[in-house]
Amino acid sequence: MDLLFLIATAILRHPMLACLAELRGMKPRSIFPIGRHIFLLQVVLFLFFSPLFIPTSTACSNGNCQLLESCVSAIDCGPGLYCGNCPSLGKNQPYCIRGQATAPASIISGLPFNKYSWLVAHNAFSRVDAPLLTGAQRVTFYNQEDTVTNQLMNGVRGLMLDMYDFENDIWLCHSFRGQCYNITAFEPAINTLREVEVFLTQNPSEIVTIIIEDYVHTPKGLTRVFADAGLDKYWYPVSRMPKKGEDWPTINNMARNNYRLLVFTSDSSKEATEGIAYQWKYMVENEPGDPGIIPGSCPNRKESKPLNSRTASLFLMNYFPTMPVQSEACKEHSSPLSDMVATCYKSARNLLPNFLAVNFYMRSDGGGVFNVLDYMNGQSLCGCSTVYACQAGAPFGSCKTISVSNTTQPASATDGSFSGSVQLTSYAAVIIVPPPSFLCLLLFLVSISFL
């Protein structure tokens, strides 16, 4: 007790203790008359509660905060960043987190499509705040947090869509047993496809890939819904797709010919009947769900050829758990993701994925999937550790020096970013700092409750 008394005496002049005295009508030096033990109790309460309320100053605000710097509100972080946290990794205080991808073609262009790595939204339509169009409460899992339009504006270039026959139409559902129900339905597929059409029309150099989990049995159903959405004009003809592992055309040629929409189906019969490419004829794929996130293991999906096959020129890497959990995604998209990319790279005989499919793509503990994609494109396009080290026209492996900083991207790389919203449905709450008078009153009330 004597040691506690000495410590209390040493911090007697602290302004927070002064406010306690003032609330009791005393001067700071006259606290002791209220009783030694009561005073010590007040000191202990102060030491316990004050860290919860003492404001932490930040050196940045109003859009000037960079990656990993502390933030208080959404407007503090710079372009392409949002104010969030990652409690599942013990990072509870909000800081700026990356929310947008890099456009690799803005740095190195003119290479075959299969030399690039693209971000894919797993179940892109299955977002947490999707309206209930069937009138029934939805009972299913959710995988994303923003609209398909916003995903595309943030650099997502692949959309996984589950399509079903439902209500005499084709709907996007997250369902089971090959059937769509009121409780698993999201929206008519044409709604999402029209978002894609608008994006491709407004961005004439961009290429989008749609991968369909296909439960549509209506004859020509898929062909019709894509045509009704106006996407047939962008369709990459299946007859022109490489079928023996050859390189694809360059992204420049694809854009010039307006072949900017690649569509793959899980139904092998649709290639002959509707001209839609059978997915595993053109790409290899690892196991989705829990089997695809086991450290040190990257097995191929049973429908796919082995990952080290060279008879298919595209590689889809799934990285998401069977049961998606928003709060865990930031942990999944930290070092475990980088480690799994390295594992799958070895399983594919030193081939990096062309498509990286994830849930809740913006969530991470910092750079997340976006930094991983920068690494993958840097390795594939120029042999560098990040795509920002690539130099157009330079020999492979000739990398420019990138200064180590906490910025999202080099200041000169503005053409390589996007303009979508990066706010989440449930990001870290703003820190509210009560006024000093309130803190004094709170400490006083807590202390007298023990008298």
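I began with burial: 50% of the 451 residues of the chain count as buried. The model is a predicted one.

**Overall.** I counted secondary structure next and found 13 helices and twelve strands. Among contacts with a separation of 6 or more, 67% are between residues 24 or more positions apart.

**Val139.** Where does Val139 sit? I placed Val139 in the loop between strand 3 (118-121) and helix 4 (148-153). Is Val139 buried or exposed? Its relative accessible area is 54%, and the cut-off for exposed is over 50%, so Val139 is exposed. I then asked which residues Val139 touches, leaving aside neighbours within four places in sequence. The contacts are Ile183 and Thr184. Ile183 is 44 residues away from Val139 in sequence. In space, the two C-alpha atoms are 5.2 Å apart.

**The patch.** Which residues make a nonpolar surface patch with Val139? I noted Phe176, Tyr181 and Ile183. Together with Val139 they make a patch of about 350 Å². I followed up on Phe176, which lies in the loop between strand 5 (169-173) and strand 6 (185-188). Its relative accessibility is 43%, between the 20% and 50% cut-offs, so Phe176 counts as partly exposed.

**Helix 5.** I moved on to helix 5, residues 189-202. This helix has 14 residues and reaches 20 Å from its first C-alpha to its last. That is close to the 20 Å expected at 1.5 Å a residue. I listed its buried residues: Ala189, Ile190, Thr192, Leu193, Val196, Glu197, Phe199 and Leu200.

**Strand 8.** I ended with strand 8, residues 261-265. How many of its five residues are buried? Five are, and the strand is mostly covered. I sorted the side chains by direction. Leu261, Val263 and Thr265 point one way, while Leu262 and Phe264 point the other way. In a regular strand the side chains alternate between the two faces of the sheet. Residues pointing either way from strand 8 are buried.

Strand 7 (residues 208-215) runs parallel to strand 8, and five bridges join them. Strand 9 (residues 277-278) also pairs with strand 8 in the parallel sense, over two bridges. I looked at Phe264 in both pairings. Ile211 stands opposite Phe264, and in strand 9 Ala277 stands opposite Phe264.

Conventions:
Residues numbered from 1 in each chain as written. Predicted model: local features only at pLDDT ≥ 70, side-chain atom pairs only at ≥ 80, totals over all residues. Heavy atoms only, no water. Helix = DSSP H or I, 4+ residues; strand = E, 2+ residues; numbered from the N terminus. Buried < 20%, exposed > 50% of the residue type's maximum accessible area, 1.4 Å probe, protein only. Contact = heavy atoms within 4.5 Å. Patch = residues over 30% accessible without salt bridge, like charges linked within 9 Å, V, L, I, M, F, W, Y side chains within 5 Å. Areas by Shrake-Rupley, 256 points an atom, 1.4 Å probe, with all protein chains shown as cover. Salt bridge = Lys/Arg side-chain N within 4 Å of Asp/Glu carboxyl O. Expected span 1.5 Å × (residues − 1). Pairing = 2+ DSSP bridges.
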